Amino acid sequence: MVAWSNGDRIHLSSEHLKELNEDYYRKLDQIYDRYGNRMWTQRAEMLRLESGLKEDFSDRLWELDKHVQSLCCLMDAAVMLIDWDCVVLGPETNYYHPNLVMFRMLIRRCRERVEQDPTLKSLFMNSNVYGLYVEMETVYADHKGLGWVV
């Protein structure tokens, strides 16, 4: 049996959770194998791939009723897109940079999760990722569409 429910919560066997983790790390290794020595030249793209993988893992956790872990994983997926080596918050980076677009999309998904489970609100509002989002919107308030793509 992989999972069972008592009507309120879904219970997951530890073996299935271990398989989810192994699947995540296997896919992550494939990303690293694919980029190899080109890791620094295409770092922004690689971060988007990693973030997408983490987002998928978060979705699977959410379906299994692991809401706190899922939200934390989704916030990690968002914050990893802002890497100080390739995407820096500031007017010199385009507001529509692919990493920042994906970052804002993940923030919207975090908000949707908080709406579905209001007990997660303080976790999200007090997080580093929400602070980065507020900073980004403040920095770009007068600069949207200006700047250049990294």
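Predicted model: local features only at pLDDT ≥ 70, side-chain atom pairs only at ≥ 80, totals over all residues.
Arg109 is buried, and so is Glu55. The structure holds 3 salt bridges, and each can be taken in turn.

The side chains of Arg109 and Glu55 form a salt bridge with an N to O distance of 2.5 Å. This pair connects distant parts of the chain, with Arg109 in helix α4 (residues 98-116) and Glu55 in helix α2, 54 residues apart. As a general point, side chains of opposite charge can pair when their charged atoms come close.

Arg109 also takes part in a salt bridge with Asp59, where the closest N and O atoms are 2.7 Å apart. Here again distant parts of the chain are linked, since Asp59 lies in helix α2 and Arg109 in helix α4, 50 residues apart. How accessible is Asp59, buried or partly exposed? Asp59 has a relative accessibility of 21% and therefore counts as partly exposed, because buried means under 20% relative accessible area. Arg109, at 19% relative accessibility, counts as buried.

Asp59 has a further partner in Arg113, and the side chains of these two residues meet in a salt bridge of 2.4 Å, N to O. This pair too links distant parts of the chain, Arg113 being in helix α4 and Asp59 in helix α2, 54 residues apart. Arg113 is buried, with a relative accessible area of 6%.

How does the span between its end C-alpha atoms agree with the 1.5 Å a residue of a helix? Helix α2 comprises 21 residues (residues 43-63) and should therefore span 30 Å, because the expected span is 1.5 Å times one less than the number of residues. The end C-alpha atoms of α2 are 30 Å apart, which agrees with this expectation.

Glu50 is buried, with a relative accessible area of 7%. The C-alpha atoms of Glu50 and Tyr24 are separated by 9.9 Å, and the two residues are 26 residues apart along the chain.

Beyond the helix, α2 is followed by Asp65, which lies in the loop between α2 and α3 (67-79). Asp65 has a positive phi of about 70° although it is not a glycine. Asp65 is buried, with a relative accessible area of 15%.

Conventions:
Residues numbered from 1 in each chain as written. Heavy atoms only, no water. Helix = DSSP H or I, 4+ residues; strand = E, 2+ residues; numbered from the N terminus. Buried < 20%, exposed > 50% of the residue type's maximum accessible area, 1.4 Å probe, protein only. Salt bridge = Lys/Arg side-chain N within 4 Å of Asp/Glu carboxyl O.
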